[in-house]
Amino acid sequence: MKAAPFDYAAPTEVDEALALLDEFAEDAKVLAGGQSLVPLLALRMSRFDQLVDVNRIEALRGIELVGETLVIGAMTRQATIERDEEVRRHAPLLAEATRYIGHFQIRNRGTIGGSIAHADPTAEYPAIALTLGAEVEVASVRGRRRIDAGELLESAYTTTLEPEELLLSVRVPVWGARSGFAVHEIARRTGDFALVGGAAAVTLDEADAVARAHVVLFGVADRAIRLSSLEAAIAGQPVDQLDLAELAREATAELRPPSDVQATGAYRRRVAAPLTERLLRTAFVRARRAGDPTEEAAR
Ligand SMILES: Cc1cc2nc3c(=O)[nH]c(=O)nc-3n(C[C@H](O)[C@H](O)[C@H](O)COP(=O)(O)OP(=O)(O)OC[C@H]3O[C@@H](n4cnc5c(N)ncnc54)[C@H](O)[C@@H]3O)c2cc1C
């Protein structure tokens with residue numbers, strides 16, 4: 001099958017793209033890396049009158065540390081993020097999670113903005129944005145606004161972006177000293193979308209108690225979700241006194257994940273608890289290492 005006919009524009013400036021999105025609104029679609037959109041068009045699962053290809057807009061690309069925030073242009077390729085030194089130093093979780101996205105051919109074209117805007121409930125980047133407390137900056141002809149990742153992800157393949165809005169950048173806060181991160185997932189084969197995945201970011205205080213924790217699962221609901229009750233239960237607690245297996249079991253008991261051809265909801269719920277426990281164990285070990293001067297010198 002071939003895609004239904006559409007008009008194509010490839011602006012080189014953000015303002016040009018915004019004018020087109022404003023003119024065509026619901027009938028227009030942004031084309032980024034095309035790794036999700038092109039198959040949908042080719043299978044006629046989506047059709048639009050006007051494609052706005054933003055690949056030639058240089059201003060949407062790049063990675064820059066601004067104060068304590070890593071600002072990543074929406075059109076930055078996943079492969080660039082995977083290898084970037086600033087990302088590895090200031091947002092290592094993002095670099096680590098990128099390796100789970102499909103195969104290198106996909107990552108060479110796929111973009112961070114496209115992945116977050118697409119909001120696949122089993123995708124890594126929306127979940128990592130939620131874990132790290134990232135925001136996105138978006139624009140329309142009416143102006144710019146920032147949206148917290150938790151408010152952006154509405155449901156499966158749906159965000160709170162308006163049709164005439166363009167995602168400009170992803171703003172990832174740098175977590176401070178004594179922070180540790182983990183991402184793990186269960187997939188049928190390397191490169192497949194996760195059946196269930198998760199990520200954790202923790203900060204420990206001087207006494208090895210939990211100063212801050214964000215724990216996220218994906219593939220268990222219509223969008224990536226934070227395990228807020230677990231985060232609250234471990235806040236302020238000394239790491240060595242936590243019964244992580246029990247806490248993870250309690251935190252995942254109420255989940256009702258979807259069933260599909262890849263796995264049943266019951267299987268997904270079954271693996272969510274050990275996955276959550278493993279996320280926390282890894283993140284705590286890494287947070288301790290990050291605060292250990294002998295480990296840092298050895299790195
Ligand atoms: C074989 C295969 C395996 C894959 N495996 C994985 C995987 O394991 N994990 C994973 O996370 N992903 C996976 N993907 C998807 C891949 O990561 C895509 O790159 C990503 O989902 C979409 O990014 P894109 O840049 O290609 O966006 P596109 O496909 O071009 O666009 C996706 C959607 O986002 C919108 N959009 C894009 N950019 C913007 C913007 N700047 N502002 C507003 N809206 C925008 C588009 O209009 C469209 O609705 C896989 C894809 C393939 C083909």
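Reply: Two strands pair if DSSP finds at least two bridges between them; strands (E, at least two residues) and helices (H or I, at least four) are DSSP runs, numbered from the N terminus. The model is predicted: local features need pLDDT of at least 70, side-chain atom pairs count only at pLDDT 80 or more, and totals for chains, interfaces and linings use all residues. Residues are numbered from 1 along each chain as its sequence is written.

Me: What makes β11 and strand β12 (residues 196-204) a pair?

Reply: β11 and β12 are joined by eight bridges in the antiparallel sense, and the definition asks for at least two. Ala 182 stands opposite Ala 200 in β12.

Me: Why is strand β11 (residues 179-186) called largely enclosed by the rest of the structure?

Reply: A residue is buried if 20 or more other C-beta atoms, placed from the backbone, lie within 10 Å of its own. Six of the eight residues of β11 are buried, so the strand is largely enclosed.

Me: How do you know that the buried residues of helix α11 (residues 244-252) line one face?

Reply: Those residues are Leu 247, Ala 248, Ala 251 and Thr 252. Seen down the axis of α11, they fall within an arc of 120 degrees, so they line one face of the helix; the arc is that of the directions from the helix axis to the C-beta atoms.

Me: Why is the ligand said to lie between domain 1 (7-53) and domain 2 (60-173)?

Reply: Both domains give residues to the shell around the ligand, so it lies between them; the bounds come from an automatic or database domain assignment.

Technical notes
A residue is buried if 20 or more other C-beta atoms lie within 10 Å of its own, exposed if 12 or fewer, and partly exposed in between; C-beta atoms are placed from the backbone.
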